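Please work through each task before reading its solution.

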Amino acid sequence: MGVLALVLVGAAAASEERPTLEELERELICPTCNTTLAMSSSPIADRMRVFIRSRIAAGDTKSEIKAKLVDEFGEEVLAAPPARGFNVLAWALPMVFAAVAAIALAFLARRWRREEDEPIEPDPSTNGRAPLDPELERRLDEELARFEA
Amino acid sequence: MAGRVKLLSQAAAVSVVALLLALLGWQVAAEANVRSLADRLEAGESPEAPGFEVPLLNGEGSISLASLRGKAVVVNFWASWCEPCKEEAPRLEAAWKRYRDRGVVVLGIDAQDFRGDARGFVARYGITYPIVHDGPGATLGRYGVTGFPETWFVGRNGRLVGARIQGPVSEEELVQGIERALEATS
């Protein structure tokens, strides 16, 4: 687990220092078509790709490139809104929903397990089957008595 | 206890669905309102021009539509990457030079564009009328702009007049729109 965390942190740091066009295309929005740059072939998307390539070549970090694009096009250019102000809701609500769903699932699972664990007392008179209708049982007893006689 | 939890869960789910429906309704109503602006203009009405305040492309302050009250305003939405915008730029510049002494302002709103590219466009086409830069394109939604270029005419009274011009504006359309904007005083 610790090794996995180290690998992930290392990959994130490398991505921040040496971003690629492909990953930035997935993290940025084309202003005219409201899709990610990766999905857009509009003139402004092509122009933004040229800009990103030039900034990568100039040695900018991912944050620096994004900051420059935000300065030009506003925060709407980011596919994921920054986690501050009202935008915090966009990050917090899914986590709150996930937590509520996990608690509800745990509650239900506990209830189902308790129901399963409760022993069902077998009724020796029915041999585990549903009890017979009393009238039918009386007639059966009479028939058996007649047969034995 | 279990019944109460179930009831609360159902109430929460219904609330979330109601909230989403309300958001959808609000969005549809907002879009219908923008459409009606163009529709009302086409029907011969003269709706109030949506206000805005946008920074100048040259970085020297900003311009609001309210500050131009009393003048006839040609509002032209454009971007440097837009091919038809190159075609109409000389016509807008000519109209600005011809009419500015009569109280006409040609205002270019450069939207969804790099500032540097827009400045290059302005220099290349010798544009001298004021240009504002709306990078995020916040003004586009207010006017229901669907593509570049697009031109609107605002009368001296602050109301939209004439026709919305989608695509490169012709000299004739400019003259007609400007004359109507100059006449609209009350």
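**Exercise 1.** Is B:Glu48 buried, partly exposed or exposed, and what is its relative accessible area?

*Solution.* The model is a predicted one. The relative accessible area of B:Glu48 is 39%. Buried would require under 20% and exposed over 50%, so B:Glu48 is partly exposed. B:Glu48 forms a salt bridge with B:Arg69, with 3.9 Å between the closest N and O atoms. B:Glu48 belongs to the loop between H1 and strand S1 of chain B, and B:Arg69 to the loop between strands S2 and S3, so the pair ties together parts 21 residues apart in sequence. B:Arg69 counts as exposed, at 53% relative accessibility.

**Exercise 2.** Determine how A:Asp46 and A:Arg49 are placed relative to each other in helix H3 of chain A.

*Solution.* The two residues, A:Asp46 and A:Arg49, are three residues apart in helix H3 (residues 43-57), which means a separation of about one helical turn. They form a salt bridge whose closest N and O atoms are 2.8 Å apart. A:Asp46 is partly exposed at 37% relative accessible area, whereas A:Arg49 is buried at 11%.

**Exercise 3.** Identify the elements that give two or more residues to the nonpolar surface patch.

*Solution.* The patch includes A:Phe97, A:Val100, B:Leu23 and B:Trp26 among its members, and has about 990 Å² of accessible area together. The contributing elements are helix H5 (88-117) of chain A and helix H1 (2-42) of chain B. A:Phe97 is found in helix H5 of chain A and is partly exposed, with a relative accessible area of 49%.

Notes. Residues numbered from 1 in each chain as written. Chains lettered and ligands numbered in written order. Predicted model: local features only at pLDDT ≥ 70, side-chain atom pairs only at ≥ 80, totals over all residues. Heavy atoms only, no water. Patch = residues over 30% accessible without salt bridge, like charges linked within 9 Å, V, L, I, M, F, W, Y side chains within 5 Å. Areas by Shrake-Rupley, 256 points an atom, 1.4 Å probe, with all protein chains shown as cover. Salt bridge = Lys/Arg side-chain N within 4 Å of Asp/Glu carboxyl O. Helix = DSSP H or I, 4+ residues; strand = E, 2+ residues; numbered from the N terminus. Buried < 20%, exposed > 50% of the residue type's maximum accessible area, 1.4 Å probe, protein only.
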